[in-house]
Amino acid sequence: YEIALNILLASLTIVFLLAVVTLKPFAIYAGADDQTSLIVLAALLVCLIPTTIGALLSAIGIAGMDRLVQRNVLAMSGRAVEAAGDVSTLLLDKTGTITLGNRQAAEFLAVRGVTESTLADAAQLSSLADETPEGRSIVVLAKEKYGLRERTQGELTGAAWVEFTAQTRMSGVDVDGRKVRKGATGSVIAWVKERNGSVSEDAQALTDRISQAGGTPLLVAVEDAEGARVLGVVHLKDVVKEGMRERFDELRRMGIRTVMITGDNPLTAKAIAEEAGVDDFLAEATPEDKMALIKR
């Protein structure tokens, strides 16, 4: 597009020059040479040049969009390119932007009194309705590490499935007189406490340990005849993209402040933010929180 517009502008310029240059011979031929002095011709050329401004403005916008695309940045319009010059704060989603975005379940960490196989079974069961990459990785890890056969939703008669959403940040199932949930730390703890259950200290310790290492902890809880309780933690691992700190340093030198937005808990968000080198972060963010921050 940029090359085509450059050709168009060059063509218009050549046409205008030819039109002005040929006026003198035509004037001589018509006997009106005294009305086509060099001053008049120069004035005509100056008047013709602004007619290219409309195309020139479009050329600038499209050229900017084209150059941004070459750097993997998508601009929806030339106006967006122009507005980018006034940007002072850059909001970035963590998963897939700052990190590689392929978080995978790495291990199951059970609380005292619960075996890892019991935790893995509950985690797999509660992840069957979770179609996110993280949810699928939990199902696979439970199968590979503990030999738990991957079940399908159709096998569990009378089961009520709870699909994962960005608002609830949990998934699970109600089946055979028990309720199993897996999800973000705050969401699962709130779910347990709503049912008058308790969260053991070692569950919190495991969560903090994973978070401080930059991982993402997912709590697994169950409610049955013994009440609501946390069974353990699933450790999700993610990796910060190479060169992110250098890029954020460059943005900082340009006067642009960077803010990372994530649904992770504050400890995990803090660890990732420090490793990546962003200026600030918003943790445990819902889609509504993200929109509120953008509007602010």
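1. Salt bridges. A search of the whole structure finds 15 salt bridges, each a side-chain nitrogen of Lys or Arg within 4 Å of a carboxyl oxygen of Asp or Glu. Side chains of opposite charge can pair when their charged atoms come close. This is a predicted model, in which local features need pLDDT of at least 70 and side-chain atom pairs count only at pLDDT 80 or more, while totals for chains, interfaces and linings use all residues. Residues are numbered from 1 along each chain as its sequence is written, and side-chain values use heavy atoms, with hydrogens and water left out.

2. E223 and R195. These two form a salt bridge, with the closest N and O atoms 3.2 Å apart. E223 sits in strand β6 and R195 in the loop between α8 and α9 (201-212), so the pair ties together parts that are 28 residues apart in sequence. Helices (H or I, at least four residues) and strands (E, at least two) are DSSP runs, numbered from the N terminus. R195 is partly exposed, at 25% relative accessibility. The classes use a 1.4 Å probe and protein chains only: buried is under 20% relative accessible area, exposed is over 50%, and partly exposed is in between.

3. E226 and R229. Here the closest N and O atoms of the salt bridge are 3.6 Å apart. E226 is exposed, at 67% relative accessibility. R229 is partly exposed, at 23%.

4. R252 and D279. Their side chains meet in a salt bridge of 2.7 Å, N to O. R252 belongs to helix α10, and D279 to the loop between α11 (266-276) and β9 (280-282), so the pair ties together parts that are 27 residues apart in sequence. Both partners are partly exposed: R252 at 34%, D279 at 35%.

5. A network, and E134. Salt bridges that share partners join K94, R103, E134 and D264 into one network. E134 is found in helix α7. Is E134 buried or exposed? E134 is buried, because its relative accessible area is 12%. Leaving aside neighbours within four places in sequence, E134 is in contact (heavy atoms within 4.5 Å) with R103 and L236. E134 and K237 are 103 residues apart in sequence, yet 9.7 Å apart in space, C-alpha to C-alpha.

6. The largest pocket. Its space is about 860 Å³. Of its 18 lining residues, L68, R71, V73, L90 and L251 are the closest to its centre. On a 1 Å grid over the protein atoms alone, a pocket is an open set of points with protein on both sides within 12 Å along at least five of seven lines, and lining residues have an atom within 4 Å of a point. Points are joined across faces, edges and corners, and a volume is the space filled by probe spheres set on them; the probe is 1.4 Å.

7. Its lining. α10 gives the most, with five residues. By class, the lining has twelve nonpolar, two polar and four charged residues. Ala, Val, Leu, Ile, Met, Phe, Trp, Tyr, Cys and Pro count as nonpolar, Asp, Glu, Lys and Arg as charged, and the others, Gly among them, as polar. Domain 1 (1-85) and domain 2 (90-97 + 240-295) each give at least three residues; the bounds come from an automatic or database domain assignment.

8. The second largest pocket. Its volume is about 570 Å³. It is lined by 30 residues, and R103, F164, R169, G263 and D264 lie nearest its centre. The lining has nine nonpolar, eleven polar and ten charged residues. Domain 2 and domain 3 (102-238) each supply at least three residues.
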